[in-house]
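Reader: I am new to this structure and would like to go through it by question and answer. Please show it to me before we start.

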Amino acid sequence: MKLLIGNKCYSSWSLRPWLLMRATGIAFTEQLVPLDAPGFKEAIFAAAPGSGGTVPTLVDGEIAVWETLAICEYLHDTQPQAGIWPRDKAARAHARAISSEMHAGFTALRNACPMNLGKRFAVRDRGPGVARDVARVTALWRQARERFGASGSFLYGAFSAADAMFAPVVTRLDTYGIAVDPVSQDYIEAMLSLPAYREWLTAALAEPWIVAHDEVDEPALVNLR
Ligand SMILES: N[C@@H](CCC(=O)N[C@@H](CS)C(=O)NCC(=O)O)C(=O)O
């Protein structure tokens, strides 16, 4: 299988399935297609004709899967050994519900705090929409951890697609210095120390590209690259 991804520093959607496949031990190759560069769409359509023309897109022989949640479901269908979703039915239903909520929402947080792994920003009030999104995300994390997470450090114990879906929220809370409750802070630390995430971050910090429209109009507290 080949996963088409965007820049590791900025492409939050690409991070999700990449991390899921790496953390669950699924073999794949990656093709990085730089965002906002000439030939982006042509490269995606050459590898995945008829797809949505976005990253991530997964190519498995003749089959192309785009849209992040559809990729998670394809991996669940084709890689039953990987534990893509939790085994327990109630946990799996909860994991799918919060992952769908993530896929469709939290736009205030996503818009105000674009993923940028190369910078850390000063703590400041980012407005009521962001505060509402953070309150909801962390409530979902606490629900998952308290009801289903006892066997490990991730939302449902072992790392699953739900963790992959929330990984770029974790990085945003971290790089924008947004304070959270202790349960959520422990979860953030588990994600940031995951070897697969460290591997992604190392590659992100070595990238040369600056994507102007993903840069917030605010000086960084720390530049990491
Ligand atoms: N809903 C899509 C979103 C994918 C997406 O917006 N990807 C961005 C990069 S993070 C992209 O491909 N942008 C380039 C473009 O739309 O031309 C998913 O779930 O995968």
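Reader: How many disulfides does a search of the whole structure find?
Author: This is a predicted model, and the search runs over its atoms. A disulfide is a covalent bond between the sulfur atoms of two cysteines. The pair of sulfur atoms must lie within 2.5 Å to count. Searching the whole structure gives a total of 0.

Reader: Which cysteine sulfur is nearest to that of C9, and how far away is it?
Author: C9 is in no disulfide. With the limit at 2.5 Å, the sulfur of C113 is too far for a bond, because its distance to the closest cysteine sulfur, in C9, is 15 Å. The nearest sulfur to that of C9 thus belongs to C113, at 15 Å.

Reader: Is C113 buried or exposed?
Author: Buried means under 20% relative accessible area. The value for C113 is 0%, so C113 is buried. C9 also has 0% relative accessibility and therefore counts as buried. For C113, the answer is buried.

Reader: Which residue has a side-chain N or O atom 2.9 Å from a nitrogen atom of the ligand?
Author: The residues around the ligand include K41, V55 and E67. In K41, a side-chain N or O atom is 2.9 Å from an oxygen atom of the ligand. V55 places a backbone N or O atom 2.8 Å from a ligand nitrogen. The side-chain atom 2.9 Å from a ligand nitrogen belongs to E67.

Reader: How many charged residues does the shell around the ligand have?
Author: K41 and E67 are among the residues around the ligand, and Lys and Glu count as charged. The shell also has 5 nonpolar and 4 polar residues. Its number of charged residues is 2.

Methods:
Residues numbered from 1 in each chain as written. Predicted model: local features only at pLDDT ≥ 70, side-chain atom pairs only at ≥ 80, totals over all residues. Heavy atoms only, no water. Near = heavy atom within 4 Å. Polar contact = N/O pair within 3.5 Å; in protein donor to acceptor, adjacent residues only side chain to side chain. Buried < 20%, exposed > 50% of the residue type's maximum accessible area, 1.4 Å probe, protein only.
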